[in-house]
Every structure is written in C-alpha cells, then in structure tokens.
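Look over the sequence and the fold below. Then read on for a short tour.

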Amino acid sequence: MSKKRIMACLSAAAFAGALAVAVPAGSASAADCAAAWNAATAYTGGAAVSYGGHNWSAKWWTQNETPGGASGVWTDQGTCGSGGGGGSGSECSHPDWVAGRWYATGDIVRYTNGGLYRATHDNPGYDPVISTWYWEPYSCGSGSSGGGGTPPSQGGFVVSEAQFNQMFPGRNSFYSYSGLTAALGAYPGFATTGSDTVKKQEAAAFLANVSHETGGLVYVVEQNTANYPHYCDTGQPYGCPAGQAAYYGRGPIQLSWNFNYKAAGDALGIDLLHNPNLVQTDSAVAWKTALWYWNTQTGPGTMTPHNAIVNGRGFGETIRSINGSLECNGRNPAQVQSRIDAYQRFTQILGTTPGSNLTC
C-alpha cells in the first residue's frame with residue numbers, strides 16, 4: 001500500500017479492546033482545589049483543574065478527556081481539599097463502581113481512577129472508561145463553572161445521538177457520540193457550512209465513509225497485524241520514537257505511518273508521534289484524527305472531502321479523496337457502491353437528499 005495514503009485496510013479479525021491506564025496516587029497533604037474540570041472547556045498544556053478530589057495538570061491540549069482517564073493527558077497533582085469546586089463535600093460522596101453490578105440511568109459512581117461517572121443508560125456494570133455510551137464523566141458540585149452534572153453542549157450538531165445510534169446499532173462503544181461531539185471544535189466548519197441540506201449531507205458523507213472503513217464503527221485498529229512494522233518511515237528526521245511497529249492504522253479513518261501521526265498531531269496540538277496509542281484509547285482523539293483528514297487532506301483526490309461536499313462536487317468526490325486510487329474509475333465498483341448505500345441510508349435518517357454525483 002502506498003505511503004502517501006493514510007488509510008489502512010481492514011481484515012476480518014476480531015478487535016482487541018484497549019485497557020484503562022492506572023493513575024498515580026495523590027499526595028498526603030491536601031492543597032486548595034483548582035477550578036473544576038469542565039468537559040466543554042479546551043485546555044492547553046500546563047492548565048490546572050480539579051476533579052474527583054484531586055488537582056490535575058494538563059500535559060498538552062485537551063478537551064473532554066477526563067482527568068484520570070485512559071488518555072493519559074492529565075498528571076495527578078495530589079488531593080485537594082477546598083476551593084474551586086474540585087471534589088470535596090457530601091455531593092462528591094458516591095459509591096465505588098463494581099463490575100457486574102446493575103446500574104440505572106442517573107446512578108453516579110466513583111471509578112478506580114478516582115473519577116466520577118454517571119450512567120447515561122441502564123447497564124449491568126459496564127466499565128465507565130471503556131463503555132462510554134453507557135457512562136459519562138461527572139464533576140461533583142454545582143453551578144455552571146464547575147461543570148455540575150450537566151452534559152456539555154453539543155454545539156448544534158446536525159446529527160442527534162438518537163440518529164447516530166440508529167446509523168450504528170452494532171458499533172463498538174469506543175466510538176461514542178460524546179467523543180465525536182467533543183472533537184467537533186477542532187474543525188468548526190465541519191457540518192456547519194452552507195445550507196441545512198449541505199450540512200446534513202456533509203455529516204452523512206463523513207459518517208458513511210468512516211462506516212465503510214471500520215465495518216460500521218466496529219474496528220478501532222487495523223486488523224492485519226503483519227502490516228504493523230511496515231509503517232515506520234526511517235527517512236524522516238524525527239524517526240519512530242514510539243517504536244517501529246507503533247504507527248499502524250487506528251481510528252475512524254485509519255491513521256497510519258509515522259509522518260501522518262506527526263502531521264495530525266501537529267495540527268491538533270497533540271503529541272501523536274510519541275503517543276500514537278491515544279488514537280485507540282481516547283475516543284475524542286480518534287474522532288479528531290478523522291476530522292483532520294476530512295477537513296485538511298486531499299489523499300489521491302484533488303480536494304478535501306469537506307470541500308467536495310460544500311463546493312457541490314458530490315459524495316463521489318469524497319470517495320476519491322479517501323480511497324480513489326483503489327476504488328474509483330471502475331477499479332472496485334462493489335466497494336464504491338457500499339459507501340454510496342451507507343450515504344443514502346444516512347441522508348434518509350437525517351431527512352435530506354443525497355444530491356448528485358454519488359460515484360467516482
């Protein structure tokens with residue numbers, strides 16, 4: 001497969017889920033709490049917040065990545081005891097999460113990393129960090145500055161959570177709706193440009209293509225592990241600091257090769273060259289890398305997929321920008337039709353028309 005292409009092929013092997021990351025214990029002496037972490041706020045490296053009774057420091061740019069979560073973006077600065085709404089008081093007293101115990105919608109638990117999570121759907125004790133459709137991060141305390149228990153605004157995204165779930169009834173829980181909406185701020189022109197019809201067409205086109213690439217949002221990583229050592233371009237001056245086999249395909253539009261991890265990370269303000277695993281352990285980061293490709297890369301085409309839709313070139317041109325060298329101009333009509341079928345289905349769910357120029 002050409003190095004110029006970011007996409008990695010998917011095989012039929014089973015997906016191996018990512019494990020949660022352990023967090024260091026807090027210090028013995030409690031300091032004043034910083035301002036409470038807010039899922040809707042974008043933080044830069046060095047930003048201080050409080051969450052779950054601890055102060056935390058951001059290692060790099062982050063949004064909607066829970067302190068103590070699997071992304072590893074936050075450094076635990078120890079327990080805190082007052083100020084900031086960071087986790088003291090009776091409103092923060094919640095039972096520990098227990099695997100296999102039944103939880104009803106609205107139940108709040110304290111996870112093993114010290115963070116609080118609220119059940120968004122009834123579930124039989126699913127892991128709050130992994131099963132993000134069933135749980136959401138929860139900041140104790142009240143008031144808008146502290147986050148409270150109110151989910152962050154989803155910015156008027158043209159796809160509702162119910163529609164998203166209808167599109168992907170069998171999706172992997174890693175590909176959460178909250179992760180997608182948290183990623184939208186990285187490219188504010190996505191699905192917000194043009195008429196309502198164009199906005200819905202772009203959202204449907206993006207989701208149809210990622211559905212095709214991931215088997216219906218099932219696969220998080222490239223399934224052909226034999227390819228893994230082949231994505232290190234040693235000719236790049238920065239090399240492959242995470243290891244020769246660390247830059248395999250991950251995410252909704254399978255990000256691969258060390259130079260693509262660096263380019264995406266530089267654009268997003270996330271050190272993906274040294275931390276490529278974030279794309280398979282942090283849902284928002286995974287969605288951001290897909291939006292990076294959609295909004296900034298032309299691939300084998302002549303324009304970005306975003307521009308293809310908003311400039312009226314049609315869904316077929318997005319296929320060309322993503323996988324045109326392998327599928328377009330009659331090379332693989334069955335794969336092209338699979339993408340078109342998903343796009344037409346999704347536009348129907350969104351209550352709009354697919355437009356013209358569907359094929360490439």
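## How to read it

Helices (H or I, at least four residues) and strands (E, at least two) are DSSP runs, numbered from the N terminus. This is a predicted model: local features need pLDDT of at least 70, side-chain atom pairs count only at pLDDT 80 or more, and totals for chains, interfaces and linings use all residues. Residues are numbered from 1 along each chain as its sequence is written, and side-chain values use heavy atoms, with hydrogens and water left out.

## Y187

Y187 sits in the loop between α2 and α3 (196-214). Its relative accessibility is 14%. That makes Y187 buried (under 20% relative accessible area, with exposed over 50% and partly exposed in between; 1.4 Å probe, protein chains only).

Which residues does Y187 touch, leaving out those up to four places away in sequence? They are A267, L268, K288, L291, W292, N295 and T296. Contact means heavy atoms within 4.5 Å. Y187 and K288 are 101 residues apart along the chain, yet their C-alpha atoms are separated by 8.4 Å.

## G170

G170 lies in the loop between α1 (161-167) and α2 (177-183). Is G170 buried or exposed? G170 is exposed, because its relative accessible area is 55%. G215 is 45 residues away from G170 in sequence. In space, the two are 9.7 Å apart, C-alpha to C-alpha.

## The whole protein

The protein has 9 helices and 9 strands. Of its 360 residues, 53% are buried. Take the contacts with a separation of 6 or more: residues 24 or more positions apart account for 58% of them.
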